[in-house]
Amino acid sequence: PAEAELRQQLLNLPGAVEAQGTVEYDLPAVDSHRDIDPHTQQNIFTNSASVLRFDDRDGKRRTCLFGDGTRLEWAQTSSGYEVVVQKQRLAKVVCGVEKSAYTPKTKLIVECHDGTFLEITPQVINDKGELVEASPNRGAPPPTNAGMILRRPDGSIVRSFGDGEVDVIPKSMVVAMGEKEVLQRPNKENTYVAHCHSNELRLDDSEGNNFIVRGDNTLQVELAVSISGEEETASPRCEQSMVPYKHPDSAFLPLPTATPEPRLFVVYGDGEGEEILSPGTVAEIMRMARSDANTAVVDGDPLGTPMLGCSSHTIFTETSSCTPAVPVSPLRLPPIIAGSDLQMDQPWAGSAGMHQMITKASPAAAVEDEAKFTMFRQLIEYPAIPQAAREQYLAGFEKYGIWEREHAAAHEVIGKQSNARNVAQQ
């Protein structure tokens, strides 16, 4: 219905005609002007709609700038061409078309400000009923599906195969195996698999246990070592409070090798606080920090009194109070457009000159520079406590508790006498 409505709207335009399923209509005329840069021989086009376009002399790169700040770039590649669309404070979109590759295909990549990358590949069903990459060449069947890979900055991956099956791969597996091995492995152990056609989410672990959550809020559990044949307790499961309802075979079922770590916070009376972290959590924090181009890490800095024996691990991150955005790629305008901003002592090298940076920063960039600041996070590593020192501390703590209980009555009398003297003085 939406396509039919759009088609009718196009046919209502002045001079619109339809031929073989394609609607053609006249575009309104705009005033335009063409120049040729004497320094670079670039073709430059401007018009009254606030559009500026300039092409390289060899025709291998074209750049179009719009009045709202949108930049559209086309560049020829070895197997086709690439189109880049970008604008300040918006996601960057890159479309690569490989028309002359051994397997022609199209790939769309979206880069978000938080480091997330979305990769989309159009697909088509072949004669065998399999989903393959759709060809962008003329005459090829149009794409009917699309595969998708979403890469999060923490390392986790979401992958859609285009047939209603979606994999959610945790970062721990990506770090341990590598992205290429994870995406090519035949089995899907320890991976959340969503089946959109059946409205369910499935997880198969390495021990052979299966867990299925369905859209109707039901849960199905299949344990590999279950003996009784009863996979779950009967409903309702919570008839009485404070009574655990267990699996029929819970007495001999093995416990999981690892469980989610609890988070422990210490808050002091002056309002300060800290979180106690395990070595594994710290290692993951440091790994993420080292992989960030805007972060510097100072490792193993020894501390002085009163924390002798401890060391600090400090993470410095350059950030900004402005809204996060994907930085726009540097661009140098043709000399005839740049005017006085051009440094004439910098030689141009045909298409390579287009990749050089604009010599004058934009006002928006100046504002962002003023809003930048450095945020730091410090992790304090305490030395390992030998077992003998731990036992000595516990023994001393126990003696102090005994002494405090033995003198509790005397302390209470001293406290009452002190309060009485304060009242008498007042």
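In this predicted model, the side chain of Asp167 makes a polar contact with the side chain of Lys188 at 3.3 Å, where a polar contact is a pair of N or O atoms within 3.5 Å, and within protein one must be able to donate a hydrogen and the other to accept it, while residues adjacent in sequence count only if both atoms are side-chain atoms. Because the model is predicted, local features need pLDDT of at least 70 and side-chain atom pairs count only at pLDDT 80 or more, whereas totals for chains, interfaces and linings use all residues. Residues are numbered from 1 along each chain as its sequence is written, and side-chain values use heavy atoms, with hydrogens and water left out.

**The protein as a whole**

- The secondary structure comes to 8 helices and 24 strands, which are DSSP runs numbered from the N terminus (helices are H or I with at least four residues, strands are E with at least two).
- Of the 426 residues in the protein, 22% are buried; buried means under 20% relative accessible area, exposed means over 50%, and partly exposed lies in between, with a 1.4 Å probe and protein chains only.
- The accessible surface of the protein comes to about 29700 Å², and 56% of this surface belongs to carbon and sulfur atoms, with areas taken from the Shrake-Rupley method with a 1.4 Å probe, where for residues only the protein chains shown count as cover.
- Among contacts (heavy atoms within 4.5 Å) with a separation of 6 or more, 34% are between residues 24 or more positions apart.

**Surroundings of Asp167**

- Asp167 lies in strand E15, which covers residues 165-169, and Asp167 is buried, with a relative accessible area of 5%.
- When its neighbours within four places in sequence are left aside, Asp167 is in contact with Ile157, Val158, Arg159, Phe161, Lys188, Thr191, Tyr192 and Val193.

**An open sheet and its helix**

- In the order E22-E23-E24, 3 strands form an open sheet with antiparallel pairing, and two strands pair if DSSP finds at least two bridges between them.
- The edge strands, each of which pairs on one side only, are strand E22 (295-302) and strand E24 (372-381).
- Neighbouring strands of this sheet are turned by 20° against each other on average, direction ignored, where axes are lines fitted to C-alpha atoms, for helices over the stretch in contact, and angles run from 0 to 180 degrees between N-to-C directions.
- Strand E23 (residues 311-320) pairs with E24 in the antiparallel sense over 10 bridges, and Ile315 stands opposite Arg377 in E24.
- Helix H4 (residues 279-290) packs on the sheet and touches E22, E23 and E24, and the direction of H4 makes about 135° with that of E22.

**Backbone features in loops**

- Most residues other than glycine have a negative phi, and most peptide bonds are trans.
- A cis peptide bond, with omega about 10°, joins Thr305 and Pro306, and Pro306 has its place in the loop between E22 and E23.
- Ser50, a residue other than glycine, has a positive phi near 60°; Ser50 is found in the loop between strand E4 (43-47) and strand E5 (51-55) and is partly exposed, with a relative accessible area of 48%.
- Arg89 likewise has a positive phi, near 70°; Arg89 lies in the loop between strand E8 (80-86) and strand E9 (92-98) and is partly exposed, with a relative accessible area of 38%.
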